[in-house]
Amino acid sequence: MANIGFTIWLTGLSGAGKSTLSRAIEERLRARGRNVEVLDGDIVRTHLSKGLGFSREDRNTNIERIAFVCSLLTRNGVICVSAAISPYSEAREWAREEIKHFIEVYVKCPIEVCRQRDVKGLYKLADEGKIKGFTGVDDPYEEPEHPELVIETDKETIEESMARIFARLEELEYLEPEFTDIPEEDSRLFADSLATLEYR
């Protein structure tokens, strides 16, 4: 199955570390010569899903749009990394059926830690009532029941998380053993770069 397209679907609360992981995954895959596209939740809402609100229906529509783009790219040999909260099980299951080559990664982090990170100040605004329907505060997050992998970002370094993600991709035969096709110098530079990242 190596060198086919597939989608890594990162789901989790705001502040769990999805965007950080997606950038690191993209960098490592590009170093291996793979075509990669990242669909970050915030960027998607600015362009692909502009005008949608945060009702359950609109949230599901947003996920369906992301999944549709991922399915098109995946079947043409591109690796997609989706980094969207995607709080509802039904929408994630729809995405799994739509995409086929689908690896769900639950980026798990206690909401207390997410609040501490809160680089965008969104939890504070939600607590003050300035944002309504915020996932984890006054709107539910339905945890994945059978993800391919659970990454606990309050307990792991990014290096550890990345090692587990790529080991799982190899186990599922979506990738050949890691670093076999990366020049030694590029591998070292990537490792140095990864060591500077933190979940935030």
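Of the 200 residues in the protein, 46% are buried. The model is a predicted one. It contains 8 helices and 5 strands. Along the sequence these run β-α-β-α-α-β-α-β-α-α-β-α-α.

**Overall build**
- The protein exposes about 10,000 Å². Carbon and sulfur atoms supply 49% of that area.
- Take the contacts between residues at least 6 apart in sequence: 77% of them join residues at least 24 apart.

**Largest pocket**
- The largest pocket holds about 720 Å³ of space.
- Its lining is made up of 32 residues. Nearest the centre of the pocket lie Ser-14, Asp-42, Ile-85, Lys-120 and Leu-122.
- H1, helix H2 (41–47), helix H3 (56–74) and H6 are the elements that each give two or more residues to this lining.
- H1 gives the most, with 4 residues.
- Sorted by class, the lining has 12 nonpolar, 10 polar and 10 charged residues.

**Helix H1**
- H1 covers residues 18–31, which is 14 residues.
- From first C-alpha to last, H1 reaches 20 Å, close to the 20 Å expected at 1.5 Å a residue.
- The buried residues of H1 are Lys-18, Thr-20, Leu-21, Ser-22, Ala-24, Ile-25, Arg-28 and Leu-29.
- An α-helix has 3.6 residues a turn, so residues three or four places apart point the same way.
- Lys-18, Leu-21, Ala-24, Ile-25, Arg-28 and Leu-29 are among the buried positions to check against that spacing.
- Gly-33 follows H1 and has a positive phi, near 80°.

**Helix H3 and Asn-60**
- H3 has 19 residues. Its reach from first C-alpha to last is 26 Å, close to the 27 Å expected at 1.5 Å a residue.
- Buried in H3 are Arg-59, Asn-60, Asn-62, Ile-63, Ile-66, Ala-67, Cys-70, Ser-71 and Thr-74.
- Asn-60 sits in helix H3. Asn-60 counts as buried because its relative accessibility is 11%, and the cut-off for buried is under 20%.
- Leaving out residues up to four places away in sequence, Asn-60 touches Tyr-88, Glu-90 and Ala-91.

**Strand E3 and Ser-82**
- Ser-82 lies in strand E3, residues 79–83.
- Ser-82 has 0% relative accessibility, so it counts as buried.
- Not counting residues up to four places away in sequence, Ser-82 touches Ile-8, Trp-9, Leu-10, Leu-39, Ile-66 and Cys-70.
- Two of these partners, Ile-66 and Cys-70, are also listed among the buried residues of H3.

**Helix H6 and Ala-126**
- Ala-126 is placed in helix H6, residues 122–127. H6 is also one of the elements giving two or more residues to the lining of the largest pocket.
- Ala-126 is buried because its relative accessible area is 8%.
- Setting aside neighbours within four places in sequence, Ala-126 is in contact with Ile-131, Phe-134 and Val-137.
- Asp-138 is 12 residues from Ala-126 in sequence. In space the two are 8.1 Å apart, C-alpha to C-alpha.

Terms used
Residues numbered from 1 in each chain as written. Predicted model: local features only at pLDDT ≥ 70, side-chain atom pairs only at ≥ 80, totals over all residues. Heavy atoms only, no water. Buried < 20%, exposed > 50% of the residue type's maximum accessible area, 1.4 Å probe, protein only. Contact = heavy atoms within 4.5 Å. Areas by Shrake-Rupley, 256 points an atom, 1.4 Å probe, with all protein chains shown as cover. Expected span 1.5 Å × (residues − 1). 1 Å grid on protein atoms, 1.4 Å probe; cavity = no way out; pocket = protein on both sides within 12 Å on 5 of 7 lines; lining within 4 Å. Points joined across faces, edges and corners; volume = space filled by probe spheres on them. Nonpolar A, V, L, I, M, F, W, Y, C, P; charged D, E, K, R; others polar.
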